[in-house]
Amino acid sequence: MSDALESLVYSLVPRSRQDERLKRQLIAHCEEILSSHIGQAAEKDIGHLADLIKRHLLQTTASSASTLRFTNLLSRLLEQPVLSRKHASLQFLYTLASTPTTAPAASFLPALAPPPPTRPSSKATTPIETQPSHRPHRGKSKAELLREYRARIGRPHIPEQLILRDTLYLLQGISGKYVQFSVTKDAEQNKELVFTEDPRYFVPPPMRALIHRLAEVGHLYQRVDAFVREREGKVGVGMIEQSLCHHLQTQLTEYYRLIAVLESQMSIVSHEDEDGAEEGRTREETGLTLKRLDVWIEDWRLRMRMMSVCVEGARDAHGGALVNLIHGYAENGDPFIRKFTNQLLEEVSKPFFATLHKWLFSGELYDPFSEFFVAVDPELAHLQYMQPSLQGVGQLASDGGFGGGDVEDIPEEHAGGLQLWEQKYRFQQEMLPAFVGETFGRKIFSTGKSLNFIRYSCHDSDWVATRERLSNTGGTLKYSDIVGLERSIDAAYQIASQRLFDVFFDKYRLLDHLLALKHYLLLGYGDFADQLMDTLGPSLSRPANTLYRHNLTATLESALRSSNAQNDPPDVLRRLDARMLEYSHGEIGWDVFTLEYKVDAPIDTVLDPSAMMKYLKLFNHLWKVKRIGSTLNAGWMRIASGAKTFLRVPELEYDWHQIRLVMAEMIHFMRQMEAYCNLEVIECSWQDLTRFIEKKEGDLDALIENHRAYLDRMVKKVLLLSPKAGREENLLNQVRDAFTMILNFREASDDLYNYCLSELARRDAEKDSTRGVHTRIEAAEDRRYTRESLPGILARVREYGTAFSERVQAIVQALATHPDLDCRFLGIRLSFSDFYKTRKDQQLRA
């Protein structure tokens, strides 16, 4: 502490440096003051202080209004519990008011205009002017002593006017006489500042540091200017990048204007260097100096830094990614950076919003430089939607179904609606600006696709009305009105999606087509399916190579006319057709027959080829279920009607009883399978789809997705598919094996039935011959139904019955562990009384 007091005494009383006695006295006096309690024992009397302030106000003002106002303010101050040092605050304010006013000092930031002419000084001498004459003489500072030393040795400080001229050059990226930019650059393309060694002058370190700060602006200016010039001479620069260059050039123009003003101020100051000392003192107060230049250029230093950052980012970013990059700087706590970034984004985003407006309200994508977050596939850009035609996606074969279908007959310049809808335009996440957001970006993408689809695929005649409604939803889209942008996006999305739904369901009758697929391919019309099966049954039992398509088509038309299907719209009926799948040697008509439903554009966007293949799979499975059920019904009716006849063969009564038991088990199995497919899968899935259609929410993608979910749910549940990889169709194959066992069992039971008829005929003839009546016509006896063939027939019946029971037992066991809840319930219904579990336990005990 003594060192600090000694330094204080030296600085305040320079004479004490030579007088040791005076120095000790002053230090002792300072220590006495520091150790005393001066000012702490004073009583804080706010009332006395208030009287002093009122007296001062009465002396300085003519009216008493200020005194009354002070009294009011003082009472409010005393009521405030927050302020704890009220006396000190009033004492501070009173001290300030009592201090005599001095002459106003020169402004720290003078205007750049020339200094005003000096006013003649008054002859009256004030106490303030005479005050400096009574001050004691102070010693020279270290800076003055150092300046005198350098002048004596011939290396004075460089005059500020010389270095100021070089600094103005540096601000323009130009090397000066005493300060220059180095030619070499480092890895980050930064130049080094080099000071030229002049034997006449010396550049002090503080001045060097200040010049370094100012040279930063010139270096950043070089980067920004080089980027703008490079983009001006480059071919294929995007519109967003062009807009960025335009805004940067506007900023640089304002920077040029500032430099010009500074240079004019510099020339004025240089001209006034010839004036006297008094004028020189005035110039020091109002003229251009390095420190004032640093203050004036501070705003542009921040601007240049921001522009340089944007320039560096623009070298690797493009289009919407560049807008997103600049928007990232808007989230900043510095208000200057936020304001500058918002101004920059307002200009840079104009091409983006122009493209957005065209896409959002007309469905047209004008993006020559691939800057938008919606991109078009170049391979599909020239393709057009297929015109309505019956040669649609549903036609799987072009030769009647006998030589293998080939869907490549479609011309190359056309493509299906789903292909163009899903693949022609792509959503680019990396090009989406952050201020739009992915949710609204997806809506913009869907809205533009919907409008494009309405124009070029649906050929909407009311497009003009739709366009007018869209144009009224929003004005000019811009960055400064994000709320208005979101409102316009929502309105356009709702209008476009609603219009697309209306076109599909009102103009193209999509719901009628979905109902037709449910009624015909999913066998929803029971009378039609029964009529078709009854009329086609004899034909389909023959080999597949003996069938002809015109016979199948005629039978189909007959079934349509003789059922309730005849009341369907003609457009639906003419799309329905019968055909044969590709067949191999040994297959019969039941194996290759199928129905098909032909669709065309734009319906094929929803009912695409993959969807029609799923409908085909479902039809083939349901057709087999229908066939097996019909076969079992016919066999049961035949056995029940001939029961009295079978009783006349007593030795086969037990066998027929076992046959009826097995057949009842088969009928239960098939009825449960058919009820499960129709009621719990198809109808429930259809209810979910119709509920979505009635809401009319979402866009075409939502409609396609819901229809796919509807189909996938039916395929997975009807075909009993498993999610385990490699074992998807294990359960389906077991069900198909059970179907095969049922057909074999029916065939074996028919053989036994025919044997019984032959055996009864022989026994009747023998009884008649004993009476002398010959009623039997001698003919070649059928070797298949002789007494020798009976053991083989009975063995087949038992074998197929046992195999079916074992197969169903395995199916029930597999359904019990199926991940799908509906499939597990199917297993419960198949063995609702634990029939198969009890049989399994009996087999294990045996």
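Guide: K626 has a relative accessibility of 17% and counts as buried; buried means under 20% relative accessible area, exposed over 50%, partly exposed in between (1.4 Å probe, protein chains only). This is a predicted model: local features need pLDDT of at least 70, side-chain atom pairs count only at pLDDT 80 or more, and totals for chains, interfaces and linings use all residues. Residues are numbered from 1 along each chain as its sequence is written, and side-chain values use heavy atoms, with hydrogens and water left out.

Visitor: With which residue does K626 form a salt bridge?

Guide: A salt bridge is a side-chain nitrogen of Lys or Arg within 4 Å of a carboxyl oxygen of Asp or Glu. For K626, the closest N and O atoms of the pair are 3.7 Å apart. The partner is E674.

Visitor: How many residues apart are E674 and K626?

Guide: E674 sits in helix α28 (residues 653-695) and K626 in helix α26 (residues 609-641). Helices are DSSP runs (H or I, at least four residues), numbered from the N terminus. The pair links distant parts of the chain, and its separation is 48 residues.

Visitor: Is E254 buried, partly exposed or exposed?

Guide: E254 forms a salt bridge with R303, the closest N and O atoms being 3.3 Å apart. E254 lies in helix α10 (residues 239-271) and R303 in helix α13 (residues 298-314), so the bridge ties together parts 49 residues apart in sequence. R303 is buried at 18%. E254, at a relative accessible area of 32%, is partly exposed.

Visitor: How far apart are the closest N and O atoms of R574 and D571?

Guide: R574 counts as partly exposed at 46% relative accessibility. D571 counts as partly exposed at 28%. The two form a salt bridge, and the closest N and O atoms lie at a distance of 2.7 Å.

Visitor: How many salt bridges does a search of the whole structure find?

Guide: Some salt bridges link up into a network, as with R213, E216, D294, E298, R301 and R305. For the whole structure, the search finds 45.

Visitor: Which residues is N324 in contact with, leaving aside its neighbours within four places in sequence?

Guide: N324 belongs to helix α14 (residues 320-328) and is partly exposed at 25% relative accessibility. N324 and F435 are 111 residues apart in sequence, yet 7.8 Å apart in space, C-alpha to C-alpha. Contact means heavy atoms within 4.5 Å. On that test, the partners of N324 are L432, P433 and A434.

Note on methods:
Helices (H or I, at least four residues) and strands (E, at least two) are DSSP runs, numbered from the N terminus.
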